[in-house]
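Please look over the structure shown below before reading on. The briefing that follows takes one residue as its starting point and then turns to the whole chain.

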Amino acid sequence: MPVMEESLPDGWSLARVREYEPDAVLLDPAAHYVVVPENGDWRPVTPTAIVNVLDLCLCLLPRDERDAAWWMGRLDRTDGHIELWGVYGDLESAVRAL
């Protein structure tokens with residue numbers, strides 16, 4: 001299944017992300033098990049977009065229809081799951097933090 005750039009926020013494209021991180025690729029959120037830390041454990045979440053740069057991932061997690069946040073984490077190449085550890089708000093802040 002091709003990953004569509006439409007999953008990125010308005011004004012963003014893969015080409016724009018690559019201006020900051022030339023190795024960036026879009027991953028299919030349906031193909032990855034994604035978790036965030038919660039109370040000493042891991043809670044599964046469903047991102048709407050994933051940007052991957054050399055095993056670091058930025059995942060867009062919707063909070064509600066008006067508010068979403070980009071989280072950073074690491075892709076585990078053994079099974080493809082992604083553990084997120086920090087929230088960065090907007091995509092530009094997240095990409096700059098890579």
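Is glycine 11 buried or exposed? Glycine 11 is exposed, because its relative accessible area is 62%, where exposed means over 50%, buried under 20% and partly exposed in between, with a 1.4 Å probe and protein chains only. This is a predicted model, in which local features need pLDDT of at least 70 and side-chain atom pairs count only at pLDDT 80 or more, while totals for chains, interfaces and linings use all residues. Residues are numbered from 1 along each chain as its sequence is written, and side-chain values use heavy atoms, leaving out hydrogens and water.

**Position of glycine 11**
- Glycine 11 lies in the segment before α1 (14-20).
- Between glycine 11 and arginine 77 there are 66 residues of separation in sequence, and their C-alpha atoms are 30 Å apart in space.

**Elements of the chain**
- The protein chain has two helices and seven strands, which are DSSP runs numbered from the N terminus (helices: H or I, at least four residues; strands: E, at least two).
- Starting at the N terminus, these elements follow the order α-β-β-β-β-β-β-β-α.

**Dimensions and packing**
- Along its principal axes, the C-alpha trace of the protein chain spans about 35 × 35 × 25 Å.
- Of the 98 residues in the protein chain, 42% are buried.
- Among contacts (heavy atoms within 4.5 Å) between residues at least 6 apart in sequence, 39% join residues at least 24 apart.
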